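Here is a note for a colleague who is meeting this structure for the first time. Please keep the sequence and the model at hand while reading the points below.

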Amino acid sequence: MSAYQIGVDEAGKGPVLGPMVAAAVRADDSDLPDGIDDSKRLTAATRESIAAELQESSAVGVGLGVVTTDEIDDPETDMNSLTVAAQVRALSEVAGEGDHALVDAGDVSESRFTRRVADGAADNSVAIDVTAEHGADEASRLVGAASIIAKVERDSRIDAIGENYDRDIGSGYPSDPTTREFLAKYVDRRGELPACARTSWATCEDVVTAAEQSNLAEF
């Protein structure tokens, strides 16, 4: 297997609903489609079109790493460690001997994040060179491609969660009124948070507290 460059990024660190998803894209730059940018700068339709083109190309390798809400709620871990885990899982699906990975740094220290991702990959028997940089999703087309794949996959999973609850749950972010309304109504109706929620998030704690106070007032 020839050595390639790999771009890695994640989506969904901050939402109150659903998983975090990392993606790794292994390819030559010349095999990437036009229009790639940081996923946040693109419309949903453009992201979906580019993601489909990447995943359908025989010249492009795509790996995914998913971190569940249960893992996120584990008090023994933290988001930096989980971001490393997600990126390592994605890398492990596509990396080959001699590859070099450029990853979007999920830590204030680029060198520390570089070391942790490289060590995590080595623990999975994937010995590759790793460089972590802040803003890599803006500077590198490969990392930009990974950010698009991760965002589209994360959005798809949120859509599936909404279908499971037979309603619009919004983007899953705490700032989204639709997401907050979904949580408030669910807790009010069921007396507990939905399985898709990151129960350790402050937003969830606020919703539960508000519901308890409302019930006390009615009593």
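Which exposed residues are carried by the face of helix 4 turned away from its buried side?

1. That face carries Ser111 and Asp123, where exposed means over 50% relative accessible area, buried under 20%, and partly exposed in between, computed with a 1.4 Å probe on protein chains only. The model is predicted, with local features needing pLDDT of at least 70 and side-chain atom pairs counting only at pLDDT 80 or more, while totals for chains, interfaces and linings use all residues. Residues are numbered from 1 along each chain as its sequence is written, and side-chain values use heavy atoms, with hydrogens and water left out.

2. Helix 4 covers residues 110–123, and its 14 residues reach 20 Å from the first C-alpha to the last, close to the 20 Å expected at 1.5 Å a residue (the expected span being 1.5 Å times one less than the number of residues). Helices (H or I, at least four residues) and strands (E, at least two) are DSSP runs, numbered from the N terminus.

3. Buried in helix 4 are Phe113, Thr114, Val117, Gly120 and Ala121. Seen down the helix axis, the buried residues of helix 4 fall within an arc of 140 degrees, so they line one face; the arc is taken over the directions from the axis to the C-beta atoms. Their cover includes helix 3 (79–94), strand 4 (100–104) and strand 5 (129–133), contact meaning heavy atoms within 4.5 Å. Just after helix 4, Ser125 takes a positive phi of about 65 degrees.

4. Five strands form an open sheet in the order 3-2-1-4-5, with mixed pairing (two strands pair if DSSP finds at least two bridges between them). Strand 3 (61–67) and strand 5 stand at the edges with a single partner strand each, so one side of each is left without a neighbour in the sheet. Strand 1 (residues 5–11) and strand 4 run parallel and are joined by four bridges, and Val8 has Val103 in strand 4 as its bridge partner.

5. Asp137 lies in helix 5 (residues 136–139) and is buried, with a relative accessible area of 7%. Its side chain makes a polar contact with that of Lys40 (3.5 Å); such a contact is a pair of N or O atoms within 3.5 Å, where within protein one must be able to donate a hydrogen and the other to accept it, and residues adjacent in sequence count only if both atoms are side-chain atoms. Leaving aside residues up to four places away in sequence, Asp137 touches several others, among them Asp9, Asp37, Asp38 and Asp104.
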